[in-house]
Amino acid sequence: MDSRRKRQRRTSKRCVSEEVSSVAWEFIDMTEQEEDLIDRMYRLVGDRWDLIAGRIPGRKPEEIERFWIMRHGEGFAAKRHGRYS
């Protein structure tokens, strides 16, 4: 097997990802302090979720990112305001 095919095989193994429907997401409850910290950190460092999650004990970067998307994403605006069934 030549080196190009080996590299392609390694790359394809790492690129396996699962698609998750955002409709299936449950809203993540954060305390007021956590929300405030996330907002301030986002303004400071942008979407570096791992850095933000490091400042909030017990939270994962994926959780913080999902919270941010659901809080600030246009697709979830209707659900946040109770207009979505």
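**View 1. The buried residues of helix α2.** In this predicted model, the buried residues of α2 are E34, I38 and M41; buried means under 20% relative accessible area, exposed over 50% and partly exposed in between, with a 1.4 Å probe and protein chains only. Look down the axis of α2 and these buried residues fall within an arc of 75 degrees, so they line one face of the helix. That arc is taken from the directions from the helix axis to the C-beta atoms. An α-helix has 3.6 residues a turn, so residues three or four places apart point the same way.

**View 2. Both sides of α2.** Turned away from the buried side is a face with the exposed residues E32, Q33, R43 and L44. The cover over the buried residues includes α3 (49-53) and α4 (61-72). Helices here are DSSP runs (H or I, at least four residues), numbered from the N terminus.

**View 3. A closer look at E34.** E34 sits in helix α2 and counts as buried because its relative accessibility is 14%. Its side chain reaches the backbone nitrogen of T31 at 2.9 Å. Leaving aside residues up to four places away in sequence, E34 touches I56 and R59, where contact means heavy atoms within 4.5 Å.

**Notes.** Residues are numbered from 1 along each chain as its sequence is written, and side-chain values use heavy atoms, leaving out hydrogens and water. Local features need pLDDT of at least 70 and side-chain atom pairs count only at pLDDT 80 or more, while totals for chains, interfaces and linings use all residues.

Technical notes
Helices (H or I, at least four residues) and strands (E, at least two) are DSSP runs, numbered from the N terminus. A polar contact is a pair of N or O atoms within 3.5 Å; within protein, one must be able to donate a hydrogen and the other to accept it, and residues adjacent in sequence count only if both atoms are side-chain atoms.
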